[in-house]
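Please view the sequence and the model together while reading the points below.

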Amino acid sequence: MNLPAVEAPPPFDRDDLEHSRPVRWDRTADTAGAAAAFAALVAELEQSETRTRRRKAKAQERLTATLTAFVLDLFAEAKADPSLFLVYSRDENAYAPSRYGNRFVTSTAVLTVADFLLGAGYAEGARGFLNRSANPFGGTGGVGRRSRIRATPRLVALLDAHGITTGDLCTLQSTETIHLKSRAGRRQTKPLIEYADTPETHAMRAELAAVNGLLSRTLIELEPGAKADDADSGAALDRTAVSLHRVFNEGSFAKGGRFYGGWWQRLGRAARAGLRLNGEATVELDFRSLHTRLCYQLEGQPLPLDVDPYVLDGEPQYPRELVKGALNRLISAAPGRTLRAPKGAEKERWRGLLAILPARHSAIARWFRAERVLELQRYDGDIAAAVLTDLTAQGIPCLPVHDSFIVRRSDEVALGLAMNRAYWTQAGRHGATTALPAIAGWSSPAVEAEVRSMLGFGE
């Protein structure tokens, strides 16, 4: 097998290294080619060592599993964006046993594999650092960066030669799909925390297993020529990321619960229009003004379908998008927090809008500046779960993007029905008055009318 020669690694500047993401330790591939490639790499790693005793069976299993996950993630990113680095830690405390990690990944195995890949020319990168000295300007010290690594053409050529493609990559079934994060201050990360399982977490995990099982058997792609970059960073997307998980916040399963993990969620709305499921064009339906309408629903005063809460009658100086932004910020804000004007908005107009909204939306004023947005995310997360479970039971693959859902065009009616059923069911659980949800994105008025007719609501 002819592989590219090992070359001296080039220096990297800060911008190079900051173009990065964390390593995914949940990679696997169940093909003969993958098994042969990893057996060859493990054998080469062992030949490069100076050990006098063979590893015990458990240590050997951990080494192989760690190498498999590490190499497959390097390979996947090399195919998606060769310039992007993967972030990993060389601190043994970063690999403590946890429900969220690959149980076979240990600090010893990670460092052994990383050093081998770098030394053999299969990868390039830079060691991390930690400056433990105090901050001379005050505040906390301990500034540092974790280590970076990315595949070289040599590693890509090896896996290519064994017939491995990104289509062979899949997610370990043991990966935790119900995540709970702690509370953190502004601009700080919210670490995942352990929790005791309950009948509810078991049920949510089982529902996600069924949804992810169907998605893993679904061909999710973009039509030729459609933009496939991350809408925020412009980096190429890892299209093997199709497994969903739910994230709850502030140490409480009453807060949050939205779905994350799908690569399509990083696309802009225009790019999502180019998605295809099993070769068929798609449609995206979304719950219009969901959080504001949920507030009214939960107050027992549901808004009629023809009322747009983001339009203020008699106040043409306040554009719809500005009102939308103000309402969402009021619902998200903590008590006493100053809400700065959005970029490009006149400060006086913004202050005037914030002053009149509590009166114009007095029925839901108690939701303003109460920092209750995570409660609403629990409601919309449960609605999304109900939609996904409903459609999965029918064998219909569905891609969630928080309050919107993407299906094949032939499944549009089924999606519309599922969204209505989910909204009614979840609102009813919380004692809210039942009303039709506002749904946008229909491919035609005729399809919307068909769904309403099937629900028993004519024109």
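**The second largest pocket**

The second largest pocket has a volume of about 720 Å³. A pocket is an open set of points on a 1 Å grid over the protein atoms alone where a 1.4 Å probe fits, with protein on both sides within 12 Å along at least five of seven lines; the volume is the space filled by probe spheres set on the points, which are joined across faces, edges and corners. Lining residues have an atom within 4 Å of a point. The model is predicted: local features need pLDDT of at least 70 and side-chain atom pairs count only at pLDDT 80 or more, while totals for chains, interfaces and linings use all residues. Residues are numbered from 1 along each chain as its sequence is written, and side-chain values use heavy atoms, with hydrogens and water left out.

- Among the 29 residues that line the second largest pocket, Cys170, Thr171, Ser216, Val242 and Ser243 are the closest to its centre.
- At least two lining residues come from each of α3 (57–80), β8 (169–171) and α6 (199–216); helices (H or I, at least four residues) and strands (E, at least two) are DSSP runs numbered from the N terminus.
- The greatest contribution to this lining is that of α6, with seven residues.
- By residue type, the lining holds 11 nonpolar, 13 polar and five charged residues; Ala, Val, Leu, Ile, Met, Phe, Trp, Tyr, Cys and Pro count as nonpolar, Asp, Glu, Lys and Arg as charged, and the others, Gly among them, as polar.

**The four-stranded sheet**

- An open sheet of four strands has the order β1-β3-β7-β4, with mixed pairing; two strands pair if DSSP finds at least two bridges between them.
- At the edges lie β1 (20–22) and β4 (123–126), each pairing on one side only.
- From one strand to the next, the twist averages 35 degrees; angles run from 0 to 180 degrees between N-to-C directions, and axes are lines fitted to C-alpha atoms, for helices over the stretch in contact.
- Three bridges link β1 in the parallel sense to β3 (residues 85–88), where Leu86 is the bridge partner of Arg21.
- Helix α3 packs on this sheet and touches β1, β3 and β7 (147–151), contact meaning heavy atoms within 4.5 Å; the direction of α3 makes about 70 degrees with that of β7.

**The three-stranded sheet**

- A further open sheet has three strands in the order β9-β11-β12, again with mixed pairing.
- Its edge strands are β9 (178–180) and β12 (252–260).
- Strands β9 and β11 (residues 245–249) run parallel and are joined by three bridges; His179 has Val247 as its bridge partner in β11.
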